[in-house]
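Hello,

Here is the structure I promised to pass along. Please have it open while you read, and my notes on what turned up in it follow below.

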Amino acid sequence: LRRLVREFVAQNNTSQIKHVIQILSQEFALSQHPHSRKGGLIGLAACSIALGKDSGLYLKELIEPVLTCFNDADSRLRYYACEALYNIVKVARGSVLPHFNVLFDGLSKLAADPDPNVKSGSELLDRLLKDIVTESNQFDLVSFIPLLRERIYSNNQYARQFIISWILVLESVPDINLLDYLPEILDGLFQILGDNSKEIRKMCEVALGEFLKEIKKNPPSVKFAEMANILVIHCQASDDLIQLTAMCWMREFIQLAGRVMLPYSSGILTAVLPCLSYDDRKKNIKEVANVCNQSLMKLVIPEDDDVDEAKQPMPTPAEPASEETLSKTEAVSGGEPETFAVDIWVLPLSFLHSLSFLCSSERIPVTLNLDGIVQVLDCHLHDTSIGMMTRIAVLKWLYHLYIKTPRKMFRHTDSLFPILLRTLSDESDEV
């Protein structure tokens with residue numbers, strides 16, 4: 001076969017080359033007979049080796065039948081398929097990148113293969129593919145992200161390990177900016193952080209740590225607003241490692257993004273306030289939650305009381321609207337009202353967010369959703385099971401809001417007054 005194909009290459013006889021590949025795939029690799037399938041796989045690999053650098057021209061025809069054999073019921077055949085694909089990829093090198101998604105898809109399934117030989121074969125192929133991606137600047141991240149986003153939710157241990165190993169590789173390549181797509185995979189990463197395997201948790205911690213390092217290095221390019229709600233959810237996780245990690249991220253987000261985080265205050269407080277009453281078993285989480293709480297409080301400024309509501313592009317609803325409307329209203333209001341046309345509503349949050357970094361002053365176009373915050377504080381005061389430190393923090397928040405935004409807080413006095421009177425007889429003297 002090799003000799004035959006080399007002759008065709010020398011004669012530049014593409015139609016005969018295609019004919020050989022077609023016979024090998026249709027009549028052998030995709031045959032009903034297992035021995036024919038094995039022969040077809042070995043033949044396709046031999047064909048690829050004979051083609052050398054020209055194999056890039058026939059990759060689709062060479063790869064597809066091999067990938068079909070990845071699903072074969074016979075483990076020996078799956079192993080042969082791994083070996084064949086390894087040889088095809090080794091010859092083609094960077095030319096396989098346009099077919100990366102189908103290769104990744106096939107490999108992610110083999111990563112969880114029950115047969116140890118198939119698994120070790122797939123690991124060899126996986127390492128080769130990682131080398132190719134690392135040394136190339138042709139990797140198409142945009143088309144890969146949807147596949148990564150889908151696969152990151154796998155519950156299989158080996159598949160998770162496979163995914164994390166790829167994220168670590170992509171993070172290490174200077175030409176690939178994975179940070180831009182972090183909002184799409186952050187939730188999945190936090191889910192993997194709760195895996196039963198110590199090794200996978202550790203790998204995931206490393207990946208998240210790398211992302212956080214990049215975020216600290218380059219805050220203006222980070223889509224803080226798109227990740228805020230993901231962190232709010234995981235700050236309430238029952239798993240200690242997930243909760244602590246999310247809380248550390250939240251601390252950095254509040255300190256780096258500043259007032260961009262204000263529209264998410266009610267969610268952040270819902271997650272942070274209960275942690276302030278944790279005992280020594282969760283001391284770390286409690287300490288980080290305390291920093292989050294203090295930092296968030298500092299973001300509320302007297303100017304938040306001065307927003308002329310009549311001039312805003314859309315009035316902030318007095319009754320809490322849906323979260324989506326609130327975040328839009330909060331993200332926009334507070335800028336120069338005359339220059340904001342109605343079109344602002346179709347702009348993505350990320351654009352509004354980057355606008356906020358462009359403002360030379362600290363007055364970022366976000367407003368305080370006071371109604372949402374007061375609702376959360378009110379709810380925590382009503383809850384009798386809540387810890388003493390949380391109740392004290394709630395009272396400090398109310399006091400702080402009355403000092404910074406008295407005009408707006410006055411609207412809430414009717415509902416707050418009775419509960420504050422009741423709290424005077426709290427069992428804790430400090431409260």
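Before the helix packing, a word on how it is described: an axis is a line fitted to C-alpha atoms, for helices over the stretch in contact, and angles run from 0 to 180 degrees between N-to-C directions. Please also keep in mind that this is a predicted model.

Helix α1 (residues 2-10) packs against helix α3 (residues 34-51) at an angle of about 40°, and their axes are 8 Å apart. Angles under 35 degrees count as roughly parallel and those from 65 to 115 as roughly perpendicular, so α1 is oblique to α3. The crossing of these two helices, α1 and α3, is right-handed. On the α1 side the contact involves R2, V5, R6 and V9, while α3 brings in A46, C47, I49, A50 and L51. Sorted by class, the contact of α1 with α3 has seven nonpolar residues, two charged ones and no polar ones.

Helix α1 also packs with helix α2 (residues 14-29), here at an angle of about 155° and again with 8 Å between the axes. Angles over 145 degrees count as roughly antiparallel, and α1 and α2 are therefore roughly antiparallel to each other. In this pairing L4, V5, F8 and V9 of α1 meet Q16, I17 and V20 of α2. The contact of α1 with α2 divides into six nonpolar residues, one polar residue and no charged residues.

From α6 the contact takes in F100, N101, F104, D105, S108 and K109, and from α8 it takes in S143, F144, L147 and R151. By class, the contact of α6 with α8 splits into four nonpolar, three polar and three charged residues.

Now for the aromatic rings. Counting rings whose centres lie within 6.5 Å, there are 11 aromatic pairs. One of them is F104 with F162, a tilted pair with 5.0 Å from centre to centre and 40° between the planes. F104 sits in helix α6 (residues 100-110) and F162 in helix α9 (residues 157-172), so the pair ties together parts that are 58 residues apart in sequence.

In the model, the end C-alpha atoms of residues 416-431 lie 16 Å apart, and the span is 50% helix and 0% strand.

Best wishes

Terms used: Residues numbered from 1 in each chain as written. Predicted model: local features only at pLDDT ≥ 70, side-chain atom pairs only at ≥ 80, totals over all residues. Heavy atoms only, no water. Helix = DSSP H or I, 4+ residues; strand = E, 2+ residues; numbered from the N terminus. Left-handed = near helix turned anticlockwise from the far one by under 90°. Contact = heavy atoms within 4.5 Å. Nonpolar A, V, L, I, M, F, W, Y, C, P; charged D, E, K, R; others polar. Phe/Tyr/Trp six-rings, centres within 6.5 Å; stacked < 30°, edge-to-face > 60°.
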